[in-house]
Amino acid sequence: MIKLDERELSWLMTEQIKTLLETMDKFSLNPHVKLITKISLATGARWGEAEGLTLDKLEDGKLTFTKTKSGKNRSILIPQNLFIEIKNHLKKYGAFSNSINAFARALKAAKIELPKGQAAHVLRHSFASHFVMNGGDILSLQKILGHSSIQMTMRYSHLSPDHLALAMKVVNWGF
């Protein structure tokens, strides 16, 4: 097998996320794009997983994603206010409609530039990156994201604020 370099992972900083959401408020006519964005940022869901949510996949403050890339369902708890917002939205509209183009327009209007092919996936990377930077562990992240192998999740390990200090603490030869 030929070894290829991993694609660069991009994630949004907190200010970029605020700018993106504000841009959606100002310019987007799509009633779904901002909420799908918030779902992906809050759960690490892929765009299609978030867009595919239906009322029957909401229960007791958690979202259940089906038809995932790995083929395995996964659930994640979310803040109550977001849960209520999603539930009310789905009651009003019945379902989310295809909103990926509205997301791309919002990125462009917010002047957020990303590597080719990472438009909506940047939300998943943002969730994972902030999860690790804020002290979340890799094994939990693997389960949340639904990665079948830990190697995929390890791409985020370098963002852990403790990983370098831990290396010094655990492997200290005394020289």
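# A tour of the sheet, its helices and its loops

Start with the sheet: three strands form an open sheet in the order E1-E2-E3, and their pairing is antiparallel. Strand E1 (58-59) and E3 stand at the edges with a single partner strand each, so one side of each has no neighbour in the sheet. In general, strands of a sheet pair through backbone hydrogen bonds, either parallel or antiparallel. Keep in mind throughout that this is a predicted model.

**The whole chain**

Colour the chain by secondary structure. There are 9 helices and 3 strands. From the N terminus on, the elements run α-α-α-β-β-β-α-α-α-α-α-α. How much of the chain is buried? Buried residues make up 38% of its 175 residues. The chain exposes about 11,000 Å², and carbon and sulfur atoms supply 56% of that area. Among contacts between residues at least 6 apart in sequence, 59% join residues at least 24 apart.

**The E1-E2 hairpin**

Select E1 and E2. These strands pair in the antiparallel sense over 2 bridges. Look for Leu58, which stands opposite Leu63 in E2. The hairpin has 2 residues between its strands. Now select Asp60, in the loop between E1 and E2. Its phi is near 50°, a positive value in a residue other than glycine. Most residues other than glycine have a negative phi. Is Asp60 buried or exposed? Asp60 has a relative accessibility of 68%, so it counts as exposed.

**From E2 to E3**

Move on to strand E2 (residues 62-65), which is joined to E3 by 4 bridges, the two strands running antiparallel. The loop between E2 and E3 holds Lys67. Select Lys67 and check its backbone: phi is positive, about 55°, although the residue is not a glycine. Lys67 counts as exposed because its relative accessibility is 80%, and the cut-off for exposed is over 50%.

Next, select Phe65 and Arg74. Phe65 stands opposite Arg74 in E3. Arg74 is buried, with a relative accessible area of 9%. Which side chain does Arg74 meet in a polar contact? Show Glu49: the side chains of Arg74 and Glu49 are joined by a polar contact of 2.6 Å.

**Helix H2, across the sheet**

Select residues 33-43, which form helix H2. H2 lies across E2 and E3, and runs at about 95° to E2. The helix is mostly covered, with 8 of its 11 residues buried. To see them, select Val33, Leu35, Ile36, Thr37, Ile39, Ser40, Leu41 and Thr43.

**Ala95, between two helices**

Select Ala95, in the loop between helix H4 (80-93) and helix H5 (100-109). Ala95 is partly exposed, with a relative accessible area of 35%. Which residues does Ala95 touch, leaving out those up to four places away in sequence? Ala95 touches His32 and Leu90. Show His32 as well: Ala95 and His32 are 63 residues apart along the chain, yet their C-alpha atoms are separated by 9.1 Å.

**Helix H7, one face in and one side out**

Finish at helix H7 (residues 138-145), whose buried residues are Ile138, Leu141, Gln142 and Leu145. Turn the view to look down the axis of H7: these buried residues fall within an arc of 105°, so they line one face of the helix. On the other side of H7, Leu139 and Lys143 are exposed. What covers the buried residues of H7? The cover includes strand E3 (74-77), helix H6 (121-133) and helix H8 (150-153).

Now look at the two ends of H7. At its start, select Asp137: one of its side-chain oxygens reaches to within 3.3 Å of the backbone nitrogen of Leu139. Just after H7 comes Gly146, with a positive phi of about 80°.

Key: Residues numbered from 1 in each chain as written. Predicted model: local features only at pLDDT ≥ 70, side-chain atom pairs only at ≥ 80, totals over all residues. Heavy atoms only, no water. Buried < 20%, exposed > 50% of the residue type's maximum accessible area, 1.4 Å probe, protein only. Arc of directions from axis to C-beta. Contact = heavy atoms within 4.5 Å. Polar contact = N/O pair within 3.5 Å; in protein donor to acceptor, adjacent residues only side chain to side chain. Areas by Shrake-Rupley, 256 points an atom, 1.4 Å probe, with all protein chains shown as cover. Pairing = 2+ DSSP bridges. Axes fitted to C-alpha atoms, helices over the stretch in contact; angles between N-to-C directions.
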